[in-house]
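Here's a quick briefing for anyone opening this structure for the first time. Have a look around, then come back for the walk-through.

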There are 2 protein chains.
Amino acid sequence: MTAEVAGLSRLERRKAETRAEIIDAAFTCFAEQGYHATGIADIAARLGIGHGTFYRYFENKRDIVEHVVDDLIGRIVEALGADNAPDAVSTLEDYRAQTERIGTVLARIFDEDPRMAQLLVSAIGIDDAMRDRMLELFEATTPITGAYLAHGVRLGYLRADLDVEATAFAINGMILGSLLAALRDPSPERQARLSAGIRAVMYDGIAAR
Amino acid sequence: MTAEVAGLSRLERRKAETRAEIIDAAFTCFAEQGYHATGIADIAARLGIGHGTFYRYFENKRDIVEHVVDDLIGRIVEALGADNAPDAVSTLEDYRAQTERIGTVLARIFDEDPRMAQLLVSAIGIDDAMRDRMLELFEATTPITGAYLAHGVRLGYLRADLDVEATAFAINGMILGSLLAALRDPSPERQARLSAGIRAVMYDGIAAR
DNA sequence: GAAGAAACGGAATGGAATGTCAGTTTCGGA
DNA sequence: TCCGAAACTGACATTCCATTCCGTTTCTTC
C-alpha cells in the first residue's frame, strides 16, 4: 500500500486540487464577465480542460457558483476574524483604533483582489435565492457590529440611549457604500478618505459644536 | 383631416399609450422575476398582446430594460425634487427636519411600490453596463447630499472641518443600507426606526457625551 | 363602403448554452 | 510490462429564447 497522508490517496488529493482550481477559475470568470455571461465552457477553457470534465466535479452551474460564494465569504470572515473580539476593547480610544483597523483590513481585502467586491455585487443578480443570500449576508453583519456597540454602551463609552440595532445597520450601510465606491475607484487614497469620513460621522456627528 | 391635439393623431396617442403599457408590464415582470428570468413572451402575455408586437415598440430586450430603468429613476428624482432646495434651510433644526422629511418621502416611495427597490437592486446583475449605471446613480447622489452639507458648513450650523464629499458618501451609504433592509422587511415601523437611527448617528455621533 | 396602409400575432428561425455519453487516455498496482 | 479502473474529452442532443417574417386583422381616409 502506498503512503497516505491524512487518509487521502494521491488521487484524492489531486481531485481536491482540481476542484479548488475549478472554483478559482469560476471565481475569476464570474467576477470578470458576470454570472450569466459566463458559460461552463469559459471556465473549462481557462483551465485548459474539456468542459465535460467540469461535470465530474460539480453538478451544474448553480452548484459551482454556490461553492464560489461560500469560498469567498469564508475568506472574508477569516480575514476579519483575525481581528480582536468585541470585548477586547474598553475605552472610546480603543474602539476608535479598532474601527480604524477593521476599516484598513476591509480596504486591503478588496484592494488586493477587486474581483471579490465585483463578485459579491454581481451575485445579487444571479437569481432570487442568491439575492436573498447576499441580503442575508449584509443583515448578518448587523449583530456583529451590534455586539461592539452593545459592549461600548455597557462600559459607558458609547451613548446610553443608542438604538444598537439601528445604529449597527447605519454603520454597516456606510461600509457598504464605501465598498461600492471601491468598485468604481479602488484607489487606497479614496478608500482612506471615505473611511475617515465614516469615522468622523460616527464619533463626532456632523453638527457644529 | 381629423382633430389633432398637440400635433398627435389618435393613432400616435394610442401608440404612446401602448408603449407606456409595455414599459409598465416589463417593469413588473423584471421586478418580480428578475431580468434574466423574464422572457419577452412574459411581458407580452401580461398585456395580452402577441410577443411579435413587442418588437414594433422596442428594439430588443436590452432596449426595454433601458427604458424601464430610465422611467424608474425619473419617478424617484421627481418625487425627491418636490422637496426643498439645499439653500431653503438655515438652521440645524431646519436641516434636521428636512432630513426627516426626505427620509419619509423615500420610505413612502419604496413602501408604496416595493417593486422599485427590487428592480433597482436586480438591475445590478443585468450586465456590466447596467451595473455601472446603477453605481453611477449611487455616486450621483453624493453631490446632492453634498450640496446640503456644504450649505450647512457655509452657514455655520455644520462642523467647519467636515469632509463634505466623504461625509455625503457615508450618509448615502446609510440610506442605501436602509433601502436594502426594506427589501427584506418593508414594515414602516422598521424603516422609521432605521431612519431615526441614521439621524441619531448623523447629528449626535455614537460617543457618550 | 372600398382600398390602401399600418398594426398585429404567433409560427418559424437561428443561435447559444447546458448537460450527456461513448470512445480514448492516463494511472496505479502487480 | 501489462491490465483494469478511473478520469477525461468534445461531439451531440436538447432546450430555451430572442428575434424575424409574413399572412391576417384593424384602422383611416376618401
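Which residue of chain B forms a salt bridge with A:Arg193? The partner is B:Glu165, and the closest N and O atoms of the pair are 3.3 Å apart. Keep in mind that this is a predicted model.

**How much of the two chains meets**

- Chain A puts 49 residues into the contact, and chain B puts in 49 residues.
- Put together, chain B and chain A bury about 4500 Å² between them, with 64% of that area on carbon and sulfur atoms.
- On the chain B side, the residues that lose the most area to chain A are B:Arg159, B:Arg184 and B:Ile206, which together make up 17% of what that side buries.

**What links chain B and chain A**

- If you're tracing the side of chain B that touches chain A, look for helix 5 (92-112), helix 6 (114-123), helix 7 (128-155), helix 8 (164-184) and helix 9 (188-204) of chain B, which are the elements giving two or more residues to it.
- Helix 8 of chain B gives the largest share of that side, with 13 residues.
- By residue type, the side of chain B that touches chain A splits into 26 nonpolar, 14 charged and 9 polar.

- Of the atoms of DNA strand D that come within 4 Å of the protein, 67% belong to sugar and phosphate.
- Helix 3 (51-57) of chain A and helix 3 (51-57) of chain B each supply at least two residues of the surface near DNA strand D.
- The largest share of that surface, 5 residues, belongs to helix 3 of chain A.
- Sorted by type, the surface near DNA strand D has 9 polar, 4 nonpolar and 4 charged residues.

**Phosphate oxygens of DNA strand D**

- B:Lys61 has a polar side-chain atom 2.9 Å from a phosphate oxygen of DNA strand D.
- For A:Gly50, a backbone N or O atom sits 3.0 Å from a phosphate oxygen of DNA strand D.
- A:Tyr57 places a polar side-chain atom 3.2 Å from a phosphate oxygen of DNA strand D.

Terms used:
Residues are numbered from 1 along each chain as its sequence is written. Chains are lettered from A and ligands numbered from 1 in the order in which they are written. This is a predicted model: local features need pLDDT of at least 70, side-chain atom pairs count only at pLDDT 80 or more; totals for chains, interfaces and linings use all residues. Side-chain values use heavy atoms; hydrogens and water are left out. Contact means heavy atoms within 4.5 Å. Buried area is the accessible area (1.4 Å probe) that two parts lose on being put together, summed over both. A salt bridge is a side-chain nitrogen of Lys or Arg within 4 Å of a carboxyl oxygen of Asp or Glu. Helices (H or I, at least four residues) and strands (E, at least two) are DSSP runs, numbered from the N terminus. Ala, Val, Leu, Ile, Met, Phe, Trp, Tyr, Cys and Pro count as nonpolar, Asp, Glu, Lys and Arg as charged, and the others, Gly among them, as polar. A residue is near a molecule or strand if one of its heavy atoms lies within 4 Å of it. A polar contact is a pair of N or O atoms within 3.5 Å; within protein, one must be able to donate a hydrogen and the other to accept it, and residues adjacent in sequence count only if both atoms are side-chain atoms.
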